[in-house]
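Please look through the structure below before reading my comments. The points that follow are meant to be read with it open beside you.

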Amino acid sequence: SNTAKYPVPYLYYAGRFYEHRLKSFFFVLDAIKNYKNINLVIRSLGPANLESILIKYAGDLNLKDRVFVLEPEAHDVIHEESSHSLANIVLEDISTHTIHSKGTLTGKFFELLPLQPPILAVAREDSEMGSILSATNKGRLCSSQKEVTAFLNLLISDRDVFQPNNTTISQYSRKMQAEKLCGLMTSVIAQ
């Protein structure tokens with residue numbers, strides 16, 4: 001749709017950068033270096049210092065002309081852009097030194113689940129995103145550059161490899177999550 005700004009196909013990331021997730025982003029850049037036709041579109045919420053680290057890294061890999069770091073946009077623009085991506089990127093910490101990052105499931109992750117493109121989740125290998133992506137067939141959890149590359153190979157060889165399991169996906173919708181929470185609250189109150 002929007003070929004003036006950036007060429008298709010593209011991987012898509014919208015959001016903020018975090019220090020502990022930069023390594024995950026480097027895996028993505030290292031992997032797309034091997035694909036002449038895959039671009040990376042980033043709608044960045046900053047911060048500027050981490051943004052520039054990422055841009056420098058892309059430059060060192062000669063990816064400057066394929067990595068587009070754009071201004072934040074309205075929600076409907078983000079939704080439109082993420083709906084037309086080759087895959088949407090979700091990043092987490094890949095370090096297994098802490099317990100809490102294993103169970104980190106962001107609102108963004110659940111928002112991306114019902115969209116057409118698959119999700120490329122870069123996180124620690126025991127992240128709970130992995131089991132949800134398997135159950136819904138909505139993408140892959142990758143914990144290394146090698147795994148990101150394997151994911152891209154799969155996508156390129158067959159764009160329809162991830163046929164989503166919509167019944168399972170609907171169980172993760174905000175409505176269903178809210179209903180589960182209400183059920184839990186009711187049972188707590190009833191005791």
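1. Leu152 touches Leu11, Ala31, Ile32, Tyr35 and Ile38, leaving aside residues up to four places away in sequence, where contact means heavy atoms within 4.5 Å. This is a predicted model, in which local features need pLDDT of at least 70 and side-chain atom pairs count only at pLDDT 80 or more, while totals for chains, interfaces and linings use all residues. Residues are numbered from 1 along each chain as its sequence is written, and side-chain values use heavy atoms, with hydrogens and water left out.

2. Leu152 and Leu11 are among the residues with the most contacts inside the largest nonpolar core, which has 34 residues. Such a core is a set of buried Ala, Val, Leu, Ile, Met, Phe, Trp, Tyr and Cys residues joined through side-chain atoms within 4.5 Å, and buried means under 20% relative accessible area, with a 1.4 Å probe and protein chains only. Helix 1 gives the most to this core, with eight residues; helices (H or I, at least four residues) and strands (E, at least two) are DSSP runs, numbered from the N terminus.

3. Six of the six residues of strand 1 (residues 10–15) are buried, so this strand is largely enclosed by the rest of the structure. Tyr10, Tyr12 and Ala14 point one way from strand 1, whereas Leu11, Tyr13 and Gly15 point the other way.

4. Strand 1 runs parallel to strand 2 (residues 39–44), with six bridges joining them, and two strands pair if DSSP finds at least two bridges between them. Tyr10 stands opposite Asn39 in strand 2, while Leu11 has Ala87 as its bridge partner in strand 4.

Technical notes:
Buried means under 20% relative accessible area, exposed over 50%, partly exposed in between (1.4 Å probe, protein chains only).
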